[in-house]
Amino acid sequence: MSEERKQINYAVACVSEFAHRHNLTMKEAFRFLFEYRAIEFLKENYDIEHTLSLDDALDDMRRICEKNGGILA
């Protein structure tokens, strides 16, 4: 599997778990994460993030969104 495919699979898994954790649809989660730069964060920091637990990665994504103005109720 190519490195790009691994990164895509990881991002999809993170978005899916983020959606589940926050009771969002996949589409809602992706739009939120994209708008508040968590997708960009995952892409730029894949080398480190994919070595963490999924819970830690989701927490990082939430913090990035909050830093960029995205707050979930």
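Modeller: Happy to! Let's start with Glu49, which touches Tyr10, Phe41, Leu42, Ala57 and Asp60, leaving aside residues up to four places away in sequence; contact means heavy atoms within 4.5 Å. This is a predicted model, where local features need pLDDT of at least 70 and side-chain atom pairs count only at pLDDT 80 or more, while totals for chains, interfaces and linings use all residues. Residues are numbered from 1 along each chain as its sequence is written, and side-chain values use heavy atoms, without hydrogens and water.

Glu49 sits in helix 4 (residues 46–49); helices are DSSP runs of H or I with at least four residues, numbered from the N terminus. Glu49 is buried but has no salt bridge, and the nearest side chain of opposite charge, Arg63, is 7.6 Å away. Buried means under 20% relative accessible area, with a 1.4 Å probe and protein chains only. A salt bridge needs a side-chain nitrogen of Lys or Arg within 4 Å of a carboxyl oxygen of Asp or Glu; as for charge, Lys and Arg count as positive, Asp and Glu as negative, and His and the chain ends are not counted.

Now follow Tyr10, one of the residues that Glu49 touches. The whole structure holds four aromatic pairs, meaning rings of Phe, Tyr or Trp (its six-membered ring) with centres within 6.5 Å. Tyr10 and Tyr46 have ring centres 5.6 Å apart and planes at 75°, so they are edge-to-face (planes over 60 degrees apart; under 30 is stacked and the rest tilted). This pair links distant parts of the chain, with Tyr10 in helix 1 (residues 3–21) and Tyr46 in helix 4, 36 residues apart. Both Tyr10 and Tyr46 are buried.

Methods: Helices (H or I, at least four residues) and strands (E, at least two) are DSSP runs, numbered from the N terminus. Buried means under 20% relative accessible area, exposed over 50%, partly exposed in between (1.4 Å probe, protein chains only).
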